[in-house]
Amino acid sequence: MKILVTGALGHIGSAFIRYLPGVMPDAEIMMLDNMLVQRYCSLMNLPDEGKYQFYEKDILKDDITEYIKKSDVVVHLAAITDAASSFEKQKEVEAVNLEATKLIANCCKENKTKLIFLSTTSVYGTQKEEVDENCSEEDLSPQSPYAKAKYDSEIYLKNLDGLEFVTLRFGTIFGTSVGMRFHTAVNKFCWQACMGIPLSVWKTALDQHRPYLDLQDGVRALVFVLEKNIFDREIYNVLTLNATVRDIVDNIKKYRPNTEVDLVDAKIMNQLSYYVKFDKFQNLGFEFKGNLDQAIKETTALFSSINNRGNDA
Ligand SMILES: NC(=O)c1ccc[n+]([C@@H]2O[C@H](COP(=O)([O-])OP(=O)(O)OC[C@H]3O[C@@H](n4cnc5c(N)ncnc54)[C@H](O)[C@@H]3O)[C@@H](O)[C@H]2O)c1
């Protein structure tokens, strides 16, 4: 199988490209990234058994048709991913996250290439306590330009007859990878705790439940879709657990006991607590195995030599 991975050097991509050769040894892995966030490290020390090629290309500005033509499946990860800062760069986010996704989808359709589209559980800007993939449109009210572009992409794909695709709404990723980033909740808090910075927690969020996904579950879910050939034009929520910020902070304190919390105002005020159901994906036979505590342990351990408070564990 020839697999084109856009955004291959990112937090998720760098884990996925390393995981693939072990489980799909024959896979030809075509990695594409525009180096937006300069993660050269993601290309270093890749497993010897992997069949890799790398293309430094931009999904919006470059013509990537030839790479899509050559591939059986596109795993489309490339995006501008910082939801909080997406308010300041709405046009850019819409261009890369929506318009380029349309280009890729059209090209996949034309060339009969299958597509895995990475969306986000942030599309639920809901007043409901519990949400699933059957939510009506009024329960889907994305709270940031980032989430809006993902939502609009979902609709575009749904209306594109003839395209073989699946949409995976990933929960917020936690866990380590070579190309990992620290702008999402769990990793950001781990970083702040390790640097001796009080955790900046949105006032509205402390006891609200939100969906989170262990990175290992995320890459296993991508492989699961490839192996089981799940290109049924459906949407699936993919998450390991629903947790509160308090749950996360309590876990971090196990490893950095002197962690302090600062309650701050947020631009993304998505109201009430909600649980995201994920049994639709489980019912396909997928087992979520991730562990928040273990991932936080591993993430804080990355900075074990740094002890800005002097007396942490
Ligand atoms: N990390 C999460 O919590 C999370 C949750 C839900 C969904 N997702 C989605 O999963 C995908 C991967 O997320 P991630 O956390 O690995 O993000 P990331 O920001 O770490 O990686 C994105 C990669 O895309 C590349 N990229 C950006 N613009 C590009 C362009 N125009 N052309 C080519 N490459 C480009 C970047 O250089 C980067 O390597 C994204 O689509 C994201 O929206 C992520």
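Biologist: Buried is under 20% relative accessible area, exposed is over 50%, and partly exposed is in between (1.4 Å probe, protein chains only). Where does E234 fall?

Modeller: E234 is partly exposed, at 31% relative accessible area. Keep in mind that this is a predicted model, where local features need pLDDT of at least 70 and side-chain atom pairs need 80 or more, while totals for chains, interfaces and linings use all residues. Numbering starts from 1 along each chain as its sequence is written, and side-chain values use heavy atoms, without hydrogens or water.

Biologist: Which residue does E234 form a salt bridge with?

Modeller: K280, with the closest N and O atoms 2.6 Å apart. (A salt bridge needs a side-chain nitrogen of Lys or Arg within 4 Å of a carboxyl oxygen of Asp or Glu.) E234 sits in the loop between α6 and β11 (235-238), and K280 in helix α8 (residues 279-282), so the pair ties together parts that are 46 residues apart in sequence. K280 is partly exposed as well, at 23%.

Biologist: How many salt bridges does the structure hold?

Modeller: There are 9. One of them joins D217 and R220, at 2.8 Å from N to O.

Biologist: Where do D217 and R220 lie?

Modeller: Both are in helix α6 (residues 215-228), 3 residues apart, about one turn of the helix. (Helices, H or I with at least four residues, and strands, E with at least two, are DSSP runs numbered from the N terminus.)

Biologist: Is D217 buried or exposed?

Modeller: D217 is buried, with a relative accessible area of 1%. R220 counts as buried too, at 17%.

Biologist: What about the one with D26?

Modeller: D26 bridges to K51, with the closest N and O atoms 4.0 Å apart. D26 is exposed at 58%, whereas K51 is partly exposed at 40%.

Biologist: Changing topic to the strands. Which residue of β3 does E28 stand opposite?

Modeller: K51 again: E28 stands opposite K51 in β3. β2 and β3 (residues 51-56) pair in the parallel sense over 6 bridges, where pairing takes at least two DSSP bridges. On the other pairing, β1 (residues 2-6) and β2 are also parallel, over 5 bridges, and T6 stands opposite L32 in β2.

Biologist: Why call β2 largely enclosed?

Modeller: Because 5 of the 6 residues of β2 (residues 28-33) are buried.

Biologist: And S71, where is that?

Modeller: S71 lies in the loop between α2 (65-70) and β4 (73-76). At 4% relative accessibility S71 is buried. A polar atom of the S71 side chain lies 3.2 Å from the backbone oxygen of Y67.

Biologist: What is S71 in contact with, beyond its neighbours within four places in sequence?

Modeller: K2, L4, M30 and T113; contact is heavy atoms within 4.5 Å.

Biologist: Last one, the ligand. How many residues surround the ligand?

Modeller: 29 residues surround the ligand, and the closest are D33, T81, Y146, K150 and I173. The cut-off is a heavy atom within 4 Å.

Biologist: What lies by the ligand's oxygen atoms?

Modeller: An N or O atom in the T81 side chain is 2.6 Å from a ligand oxygen. For I173, a backbone N or O atom lies 2.8 Å from a ligand oxygen. R39 has a polar side-chain atom 3.1 Å from an oxygen of the ligand.

Conventions: Polar contact = N/O pair within 3.5 Å; in protein donor to acceptor, adjacent residues only side chain to side chain.
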